[in-house]
Amino acid sequence: ANLMEANLMEADLEGAKLIRANLIRANLMEADLTETILIGANLENIGWDEQTRWPDKEEVSKAHNIPEELKERLGL
């Protein structure tokens, strides 16, 4: 899916399959990504905040271009 620059603020993406999704500059603030599959997803320059709910760190680690601050928050 091409979700480049998509406004996904407060979106319920729980369990979504975002395999190889282009999320460059997508707004994920307050989004729920629990149980989301992120294999190969591009997270370059995404917007996110403390309310963004992520899948487990093993799943996030399968994405590309993970922001350094997010890596630190999740312990990657």
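This report covers the fold, salt bridges, surface charge and selected residues of one predicted protein model.

## Overall build

The protein chain has two helices and zero strands. Its radius of gyration is 11 Å, close to the 11 Å that the globule rule gives for 76 residues, so the chain is as compact as a globular protein of that length. The C-alpha trace spans about 25 × 25 × 20 Å along its principal axes. Of the 76 residues, 47% count as buried.

Helix α1 covers residues 57-60. Helix α2 covers residues 68-74.

## Salt bridges

Side chains of opposite charge can pair when their charged atoms come close. How many salt bridges does a search of the whole structure find? The count is five.

| Pair | N to O distance |
|---|---|
| Arg53 and Asp32 | 3.4 Å |
| Glu59 and Lys62 | 3.5 Å |
| Lys71 and Glu68 | 3.3 Å |

Take Arg53 and Asp32 to begin with. Their closest N and O atoms are 3.4 Å apart. The pair links distant parts of the chain, 21 residues apart, with both Arg53 and Asp32 in the segment before α1. Arg53 is partly exposed because its relative accessibility is 46%, whereas Asp32 has 12% and counts as buried. The cut-off for buried is under 20%, so the value for Asp32 falls inside it.

Next come Glu59 and Lys62, whose side chains meet in a salt bridge of 3.5 Å, N to O. Lys62 is partly exposed, with a relative accessible area of 42%.

Lys71 and Glu68 are three residues apart in helix α2, so about one helical turn separates them. Their salt bridge has an N to O distance of 3.3 Å. Lys71 is partly exposed, with a relative accessible area of 26%. Glu68 counts as exposed, at 51%. The cut-off for exposed is over 50%, so Glu68 passes it.

## A negative surface patch

Which residues form the negative surface patch? They are Asp12, Glu14, Glu35, Asp56 and Glu58. Glu35 is exposed, with a relative accessible area of 61%.

## Backbone with positive phi

Phi of Glu5 is near 60 degrees. For Glu10, phi is about 65 degrees. Glu5 lies in the segment before α1. Glu10 is found in the segment before α1 as well. Glu10 counts as exposed because its relative accessibility is 54%.

Ala21 is found in the segment before α1. Is Ala21 buried or exposed? At 2% relative accessibility, Ala21 counts as buried. The cut-off of 20% explains why: a value of 2% is under it. The C-alpha atom of Ala21 is 6.8 Å from that of Leu3, a residue 18 positions away along the chain.

Where Ala21 and Leu3 are separated by 6.8 Å, the C-alpha atoms of Lys17 and Asn45 are separated by 20 Å. Lys17 and Asn45 are 28 residues apart along the chain.

At 40% relative accessibility, Gly15 counts as partly exposed. Gly15 and Glu44 are 29 residues apart in sequence. In space, their C-alpha atoms are 21 Å apart.

Key: Residues are numbered from 1 along each chain as its sequence is written. This is a predicted model: local features need pLDDT of at least 70, side-chain atom pairs count only at pLDDT 80 or more; totals for chains, interfaces and linings use all residues. Side-chain values use heavy atoms; hydrogens and water are left out. Helices (H or I, at least four residues) and strands (E, at least two) are DSSP runs, numbered from the N terminus. Patches are made of residues with over 30% relative accessible area and no salt bridge: like charges are joined within 9 Å, nonpolar side chains (Val, Leu, Ile, Met, Phe, Trp, Tyr) within 5 Å. Accessible areas come from the Shrake-Rupley method with a 1.4 Å probe; for residues, only the protein chains shown count as cover. A salt bridge is a side-chain nitrogen of Lys or Arg within 4 Å of a carboxyl oxygen of Asp or Glu. Lys and Arg count as positive and Asp and Glu as negative; His and the chain ends are not counted. The place of a charge is taken as NZ of Lys, CZ of Arg, CG of Asp or CD of Glu. Buried means under 20% relative accessible area, exposed over 50%, partly exposed in between (1.4 Å probe, protein chains only). The radius of gyration is taken over C-alpha atoms; the globule rule is 2.2 Å times the number of residues to the power 0.38.
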